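Please read the numbered points below beside the sequence and the 3D view.

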Amino acid sequence: TPHTLVMLRRFVPSFLRATQRRGLASLGFAPLARHVKPVASLTQVRALSVPSGATEYNKLYPEKSSDGFLRLGNIAPDFSAETTKGPMNSFHEWIGDSWAILFSHPADFTPVCTTEIGRVALKYDWLAERNCKIATLSVDPVDSHNAWLQDVVAHCENNIKIDFPIIADPDRKISVAYNMFDPGNLDDDGLPLTIRAVFIIGPDKKIKLILNYPASVGRNMDEICRCVEALQLSAKESIATPANWPNNHESIGMKGSVFILPTVTAEDAKEHFPGHKTCEVPSGKEYLRLASLESLGKK
């Protein structure tokens, strides 16, 4: 009824804000809980429910690997480890209901890794605000990590703190489970070191993205954060982000627009993405279906 809608618009946003703050606090983000942004309207509260959307799309990815190599959609291997923030009894429990990034580096006291950890630290608050945890890993022990972090903080031109755990994997069990080894990069004992791997993992513990870099190329944290934002948006709204998003399709007046997932039927697209634009192409196929960010969640 109209009266019910008025009541929902009045009380649901405040309820969700309180719930979000409690959730952040329970995940160890109590200092960040006050930064939860207000929910402006009921349409922003409601996640877009599209029967043929994200849930159907994710079924394209198997949960288990058939050959021992991790692939997109697989359940991320659980593990226990010692870290610079104390014992991690279960990686899955540490993730909880959050998104997570597992970020490996070849070795402590190396130049590229030093700058990478500094850049991760600069993005920590941005990720935490989006309910995304981060942990890094190398084969070095915790004592080595802690000593090296003093160099990381000293070298970074910004005033940083290392608020995320760095995992010790001296027996290489985690590195083996995640296929992180670089056979061309060996330590003094001739054992392989870890590559520069990035795994973005969803609250369902499934691997959403994998990036592998050689030891000679440092990672771009701006791009990794863009991927986190795109993955979260896709999971929530049943969309896919175009190349160079959000700097896309400006020439047709739809900068930052997104594609409706291919699994979304024409009927669901009409119902859940009102006003979307189908781009005309020589093939005549209607698969380039653009929706503005402003229209998401509105019916």
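1. A residue is called buried when its relative accessible area is under 20%, exposed when that area is over 50%, and partly exposed in between, with a 1.4 Å probe and the protein chains only. Helices (H or I, at least four residues) and strands (E, at least two) are DSSP runs, numbered from the N terminus. The model is predicted, so local features need pLDDT of at least 70 and side-chain atom pairs count only at pLDDT 80 or more, while totals for chains, interfaces and linings use all residues. Residues are numbered from 1 along each chain as its sequence is written, and side-chain values use heavy atoms, with hydrogens and water left out.

2. How many residues of β8 are buried? In β8, 6 of the 6 residues are buried, so this strand is largely enclosed by the rest of the structure.

3. Strands of a sheet pair through backbone hydrogen bonds, either parallel or antiparallel. β8 runs antiparallel to β9 and is joined to it by 6 bridges, with Ile200 standing opposite Leu209 in β9. β8 also pairs with β3 in the antiparallel sense, over 4 bridges, and here Ile201 is the bridge partner of Ala100.

4. The hairpin of β8 and β9 has 5 residues between the strands, and among them Lys205 takes a positive phi near 70°, although Lys205 is not a glycine. Lys205 is buried, with a relative accessible area of 16%. Asn179 is another residue that is not a glycine and has a positive phi, of about 55°; Asn179 lies in the loop between α7 (173-177) and β6 (181-186), and at 27% relative accessibility Asn179 counts as partly exposed.

5. Strand β4 (residues 132-138) is mostly covered, with 7 of its 7 residues buried. Cys132, Ile134, Thr136 and Ser138 point one way from β4, whereas Lys133, Ala135 and Leu137 point the other way, and all are buried.

6. β4 and strand β3 (residues 99-104) pair in the parallel sense over 6 bridges, and Leu137 in β4 is the bridge partner of Ser104. Between these strands the chain passes through helix α5 (residues 111-129), and this β-α-β crossover is right-handed, a term used if, with the strands pointing away from the viewer, the path from the first strand over the helix to the second runs clockwise. β4 also runs parallel to strand β5 (residues 166-168), to which 3 bridges join it, and in β5 the bridge partner of Leu137 is Ile167. The chain crosses from β4 to β5 through helix α6 (residues 142-155), and this crossover is right-handed.

7. An open sheet of 4 strands has the order β10-β11-β13-β12, with antiparallel pairing. β10 and β12 (277-278) stand at the edges with a single partner strand each, so one side of each has no neighbour in the sheet. Strand β11 (residues 258-260) and strand β13 (residues 289-291) are joined by 2 bridges, and Val258 stands opposite Ala291 in β13. In the loop between β10 and β11 lies Pro246, and the peptide bond from Trp245 to Pro246 is cis, with omega near 10°.

8. A pocket, on a 1 Å grid over the protein atoms alone, is an open set of points where a 1.4 Å probe fits, with protein on both sides within 12 Å along at least five of seven lines, and its lining residues have an atom within 4 Å of a point. Grid points are joined across faces, edges and corners, and a volume is the space filled by probe spheres set on the points. The second largest pocket has a volume of about 690 Å³. Of the 31 residues that line this pocket, the closest to its centre are Tyr57, Asn58, Lys208, Leu231 and Ser234. α8 gives the most to the lining, with 7 residues.

Key
Pairing = 2+ DSSP bridges.
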